[in-house]
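Q: Hi! I have a protein model open and I'd like to walk through it with you. Could you help me make sense of what I'm looking at?

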Amino acid sequence: MITEYSYTHAPSLQHRKIWPAAIAGLFAGALLASTALAAEPAPRSGGKLVLAQSSFPPCLDLAQSARAQNASRQALDTLLDQDKQSGQILPWLATQWEFQDDGKKLVLRLREGVTFSNGEPLDANTVKANFDALAVYAKEGRAPQASGYLAGYVGADVLDPLTVVIRFDHPKAGFLQALTEKTLAPLALATLAKTPEQRCQGAIIGTGPFVIDQVVKNEKIVLKRRPDYQWASSNAAHNGPAYLDEVTFQTISEGSVRVGSLVSKQVGAIEEIPTEDVQRVKAAGATVVARSAGGIGITLYPNIASPILAHREVRQALVIGVNRAEIIEALYTEYDKAATSVLSSTVPGYLDLSSKLAYQPDAARALLDKAGWKPGKDGIRSRDGQRLQVGVTWSFPGYTPTLELIKEQLAQIGLDLRLNLRSDAEIGGVIRAGNYDLRLSDLTRPDPDVLLAMFSSKFGRGLGAPQPELDALLDQQSVTVDTARRLKLVGDIQSTIIDQGYAIPLKESNTVFAVAPNVRGLWLSTPRWPVLQDTWLASSR
């Protein structure tokens with residue numbers, strides 16, 4: 001199952017309040033006024049863009065690592081795409097598709113005339129070779145994300161040069177969306193012949209609008225425009241070659257340095273703006289491009305094998321004992337959104353459960369009373385001599401202020417939340433061993449199968465103990481290729497998770513970029529990643 005953990009915009013450790021709403025409104029009004037006065041020029045070709053990113057990816061091959069999405073994805077296209085507004089499946093390198101044999105076979109018809117940047121044609125034989133190679137990588141443990149997408153893969157058949165059939169041993173309702181993910185993007189046969197190590201170093205040839213030209217490890221990745229590109233996704237604003245001649249993804253790890261580089265015009269765009277610098281970049285004339293990530297947002301997951309969290313009343317008290325509005329107001333920006341369901345609002349099948357997530361401290365206290373937890377002298381409850389104390393384990397320090405505020409909120413209903421920050425190296429072992437009460441994480445994939453990855457006892461850690469009723473619902477939605485029936489099941493799953501307190505959603509994950517005043521047309525894909533096909537430079541800065 002898909003396991004693409006994502007980085008996300010998070011508040012500074014040193015700051016809680018962002019800026020007064022009145023000042024934010026003033027800047028927003030000024031931005032609208034200046035936008036109305038300026039006539040938008042037509043896009044023009046040419047120029048070089050430097051985009052500052054926070055880290056250098058450990059591997060540039062998206063089949064082996066999902067962390068190269070910023071740069072490598074510009075060189076790759078996918079067989080299908082997702083509408084950036086609705087999340088619906090769109091044609092791209094494959095123009096038609098049909099499930100057969102109750103969802104065990106998927107027939108794909110490829111677009112004519114598509115080539116890789118080395119001149120190789122995209123045909124059915126190449127698509128089959130890609131899936132066969134990925135299946136091998138998956139078995140070798142080299143492609144963890146693809147291994148989930150290809151679970152049950154039996155093989156592929158070439159019907160004619162532009163028609164291929166992908167076969168599975170069970171129905172794969174989520175596979176259409178999987179074909180929109182860059183980890184399954186077709187690679188040239190010349191790339192498939194490379195070693196995994198060579199591919200990680202940047203030997204990647206795709207059908208995308210840019211070509212990887214230079215890789216300087218831990219420093220930069222340089223892309224060049226492909227002049228013969230003519231098959232952009234319908235999500236793009238234009239179909240021909242990209243406008244920019246060259247794009248450099250420059251690694252600048254310090255957030256304040258990235259902001260300074262943008263404000264001083266050394267770079268044209270930056271990712272991951274520190275919360276306290278949002279006003280600064282806007283005051284400098286930069287445009288903020290933000291999007292809620294498709295998937296499961298920042299969420300607390302209870303280990304229901306834990307003695308205290310085995311009780312539904314305690315889990316339910318946590319769900320309604322967290323004040324999400326206060327968290328957003330105190331710690332985040334206008335680009336952040338409190339969770340209103342298990343799934344983020346950009347995932348097809350999302351069900352608005354905001355009424356069930358409303359802050360209800362009195363009702364939370366009543367639940368704990370009913371479960372026999374009585375308030376002590378310090379306000380923290382106890383039962384049979386046991387203190388109502390629950391630990392939360394996480395590894396990203398940027399979430400510390402959020403958890404500190406939640407600790408204060410839960411103390412008001414009589415629960416003592418203990419904060420257990422662990423290192424990246426430690427947390428995997430802690431979770432696998434089940435040595436936690438609550439864990440904090442998010443997961444990006446704009447398809448309901450993301451629920452299977454996080455909550456099924458058959459994949460990963462799940463909830464810490466099997467829940468047969470929930471497992472059955474998750475299994476049903478994953479094999480139901482009838483869209484309406486599947487979405488009904490997805491709604492039932494979201495309601496069940498919240499009603500049972502199997503998750504405490506906090507906020508939607510998001511991506512936030514800032515671009516210089518002369519940089520236009522940068523947009524974010526359905527999951528969250530930047531797309532530079534339409535990006536152009538309006539004038540010198």
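Q: Let's start with Val247: which residues does it touch, not counting residues up to four places away in sequence?
A: Val247 touches Leu49, Phe210, Ile221, Val222, Leu223 and Leu532. Touching, or contact, means heavy atoms within 4.5 Å. One thing to keep in mind is that this is a predicted model, where local features need pLDDT of at least 70, side-chain atom pairs count only at pLDDT 80 or more, and totals for chains, interfaces and linings use all residues. Residues are numbered from 1 along each chain as its sequence is written, and side-chain values use heavy atoms, with hydrogens and water left out.

Q: Where is Val247 placed, and is it buried or exposed?
A: Val247 belongs to strand E10, residues 246–251. Helices (H or I, at least four residues) and strands (E, at least two) are DSSP runs, numbered from the N terminus. Val247 is buried, because its relative accessible area is 0%. Buried means under 20% relative accessible area, exposed means over 50%, and partly exposed is in between, using a 1.4 Å probe and protein chains only.

Q: New topic. What does UniProt place at residues 89–458?
A: The unreviewed UniProt entry places the feature "domain: Solute-binding protein family" there. UniProt positions are given in the numbering used here, feature names are shortened, and annotations may be inferred rather than shown by experiment. In this model, the span is 29% helix and 25% strand, and its end C-alpha atoms lie 27 Å apart.

Q: Leu90 is in that stretch, I think. Which strand is its place in?
A: Leu90 sits in strand E3, residues 89–91. Leu90 counts as buried because its relative accessibility is 15%. Leaving aside neighbours within four places in sequence, its contacts include Leu80, Trp97 and Ser234.

Q: Now helices! Which residues of H14 are buried?
A: Ile427, Val430 and Ile431 are buried in H14, which runs over residues 424–433. They cover an arc of only 95 degrees around the axis, which puts them on the same side of H14. That arc is taken from the directions from the helix axis to the C-beta atoms.

Q: Why would residues three or four places apart point the same way?
A: An α-helix has 3.6 residues a turn, so residues with that spacing point the same way.

Q: What's on the face of H14 turned away from its buried side?
A: That face carries the exposed residues Ala425 and Arg432. Over the buried residues of H14, the cover includes strand E17 (389–394) and strand E19 (438–444). After H14 comes Gly434, with a positive phi near 75 degrees.

Q: Which residues other than glycine have a positive phi?
A: Asn218 is one of them, with phi near 65 degrees. Asn218 lies in the loop between strand E8 (210–216) and strand E9 (220–225), and it is exposed because its relative accessible area is 51%. Asp101 is not a glycine either, and its phi is positive at about 55 degrees. Asp101 is in the loop between strand E4 (94–100) and strand E5 (105–110).

Q: At what angle do H16 and H17 pack?
A: Helix H16 (residues 468–479) and helix H17 (residues 483–499) pack at about 155 degrees, and their axes are 9 Å apart. Axes are lines fitted to C-alpha atoms, for helices over the stretch in contact, and angles run from 0 to 180 degrees between N-to-C directions. H16 and H17 are therefore roughly antiparallel to each other. Angles under 35 degrees count as roughly parallel, over 145 as roughly antiparallel, 65 to 115 as roughly perpendicular and the rest as oblique.

Q: Which residues meet there?
A: Among them are Leu470, Leu473 and Leu474 in H16, and Leu489, Val490 and Ile493 in H17.

Q: What about H10 and H12, how do their axes cross?
A: The axes of H10 (residues 312–321) and H12 (residues 361–370) cross at roughly 170 degrees and come within 8 Å. That makes H10 roughly antiparallel to H12. The residues that meet include Val314, Ala317 and Ile320 in H10, with Ala364, Leu367 and Leu368 in H12.
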